[in-house]
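Welcome! Keep the structure open and try each task before reading on.

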Amino acid sequence: MNYNKKTISDVELAGKKVLVRCDFNVPMNSDGTIESDRRIVETLDTIRYLKEQGAAVILCSHLGRPKGKVDPKYSLAPVAERLSELLGVKVIFASDVTGADAAAKARALLPGQIMLLENLRFDPREEKNDPGFAKELASMADVYVSDAFGTVHRAHASTEGVAHFLPAVCGFLIEKELRNMVAVIDKPDRPFVLILGGAKISDKLPVIRNLIDKVDVILTGGGMGYTMIHALGGKTGASLCEKEMLDEAHDIFFECLERGIKIMLPIDVCAADHFGPDAEYIVTYADRIPDDREGLDIGPKTRLMYAREIASAGTVVWNGPMGVAEFEAFSGGTRAVAQAAADSSAKTIVGGGDSAAMVQSLGFADRMTHISTGGGASLEFFAGKELPGIECLLDK
Ligand code: AMP
């Protein structure tokens with residue numbers, strides 16, 4: 001796949017109407033206020049640049065899962081308000097997506113003005129990548145800008161379909177994502193350490209497959225680690241295990257060894273008496289977990305062993321927590337990996353989702369080379385899958 005795509009710096013924008021797909025899928029509090037505006041803040045450079053260039057800026061995004069129906073709980077109105085505060089200018093809000101209000105407001109929009117459409121997923125045609133809906137979106141603008149990295153692995157009307165009707169380029173956020181991630185896989189500083197955790201091994205094995213010619217060390221943790229240990233004949237008790245993946249997990253482990261890759265499994269675990277934040281646990285060997293216990297975090301020896309590998313790495317790519325990090329008692333392994341990555345002088349790429357949340361909550365964000373804004377998208381990137389929302393953009 002060609003990742004060398006045209007950006008907003010490569011096209012004429014003055015006097016143009018520009019439709020920008022953003023990721024304003026922000027976490028909301030139950031009272032309808034925004035819990036974290038990080039995703040909004042991350043788009044500001046692109047929006048400000050478009051405004052300075054004299055474009056009329058039409059922003060669009062999804063929020064939550066309204067399943068194709070209008071649901072006020074998922075309205076983007078609070079995002080328009082927050083954007084207005086952050087930009088210091090009024091952001092005009094359309095009460096529909098491509099209906100009469102949006103069309104009229106888009107038509108009247110002047111250069112330098114900014115508007116936001118209502119939640120794209122209020123229309124069932126968005127997720128179906130309906131060409132009619134894509135055309136309606138496109139009819140409001142002259143240029144399409146993709147800046148929602150979190151959705152580029154999905155072919156939806158606003159992420160892929162619309163690019164068939166307008167010249168399509170990426171914004172600064174996607175440009176940064178691609179630059180950082182392409183750099184590590186094209187020319188990794190060695191040793192290249194890949195850290196994989198999280199729940200499902202089925203999500204992560206494609207990443208090992210795709211990077212098998214490139215990585216030097218693989219550190220495994222989280223639920224996927226137990227599937228691997230089980231596949232090698234270990235006793236993993238009631239730990240998470242994807243039975244249908246056992247053969248593949250077994251084979252890839254030995255293929256890594258054959259190729260000289262240092263693939264490491266947890267040696268000790270926090271084996272809990274049940275799955276819950278209040279669970280009691282013992283620390284034991286990772287391949288001798290009692291039948292009635294489940295591994296919810298990597299143990300202290302594994303943390304040290306992994307931290308040593310990270311300390312001497314040239315490149316670190318990390319996706320997925322080392323345990324059930326949302327439970328304080330089982331967040332220690334993920335914290336230890338975050339700390340080691342923050343302390344290391346390696347290029348560190350954190351691939352979105354829970355690992356990114358942990359890095360942020362520990363205040364280590366500035367000490368990483370790059371934290372991806374798209375958990376699923378970065379995983380698919382590292383798995384070498386085609387990203388329809390990138391593929392559809394104009395090549396440089
Ligand atoms: P993923 O989206 O695949 O990166 O997985 C993240 C999820 O994996 C988190 O919600 C964790 O709670 C879960 N997880 C990590 N380690 C374990 C484990 N040992 N057992 C069960 N779930 C886990």
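**Exercise 1.** How many bridges join β1 to strand β2, and in which direction do they run, parallel or antiparallel?

*Solution.* First, some ground rules. This is a predicted model, in which local features need pLDDT of at least 70 and side-chain atom pairs count only at pLDDT 80 or more, while totals for chains, interfaces and linings use all residues. Residues are numbered from 1 along each chain as its sequence is written, and side-chain values use heavy atoms, leaving out hydrogens and water.

Step 1: find the strands. Helices (H or I, at least four residues) and strands (E, at least two) are DSSP runs, numbered from the N terminus. Strand β2 covers residues 56-60, and β1 covers residues 17-21.

Step 2: look at the bridges. Two strands pair if DSSP finds at least two bridges between them. β1 and β2 are joined by 5 bridges and run parallel; Leu-19 stands opposite Ile-58 in β2.

Step 3: turn to β5 (residues 143-146), which is joined to β1 by 4 bridges, again with a parallel run. Here Val-18 stands opposite Val-143.

**Exercise 2.** Work out how the residues of β1 are placed.

*Solution.* Step 1: sort the side chains. Lys-17, Leu-19 and Arg-21 point one way from β1, and Val-18 and Val-20 point the other way.

Step 1: check burial (buried means under 20% relative accessible area, exposed over 50%, partly exposed in between, with a 1.4 Å probe and protein chains only). Since 5 of the 5 residues of β1 are buried, the strand is largely enclosed by the rest of the structure.

**Exercise 3.** Is Ser-158 buried or exposed?

*Solution.* Step 1: locate Ser-158 in the loop between β5 and β6 (168-170).

Step 1: read its relative accessible area, which is 1%, so Ser-158 is buried.

Step 2: list its neighbours. Contact means heavy atoms within 4.5 Å. Leaving aside residues up to four places away in sequence, Ser-158 touches Arg-21, Leu-120, Glu-126, Leu-137 and Tyr-144.

With 77% relative accessibility, Asp-366 counts as exposed.

**Exercise 4.** In what order do the 6 strands of the open sheet lie?

*Solution.* Step 1: follow the pairing, which is parallel, to read β10-β8-β7-β15-β16-β17.

Step 1: pick out the edges. These are β10 (262-264) and β17 (370-371), each pairing on one side only.

Step 2: zoom in on β7 (residues 192-196), which 5 bridges join to β15. Leu-194 has Val-317 as its bridge partner in β15.

**Exercise 5.** Which residues are closest to the ligand?

*Solution.* Step 1: count the surroundings. A residue is near a molecule or strand if one of its heavy atoms lies within 4 Å of it. The ligand is surrounded by 17 residues, and the closest are Ala-199, Lys-204, Gly-295, Gly-323 and Glu-326.

Step 1: compare atom pairs. A backbone N or O atom of Gly-295 lies 2.9 Å from a nitrogen atom of the ligand. For Glu-326, a polar side-chain atom lies 2.8 Å from an oxygen atom of the ligand.

Conventions: A polar contact is a pair of N or O atoms within 3.5 Å; within protein, one must be able to donate a hydrogen and the other to accept it, and residues adjacent in sequence count only if both atoms are side-chain atoms.
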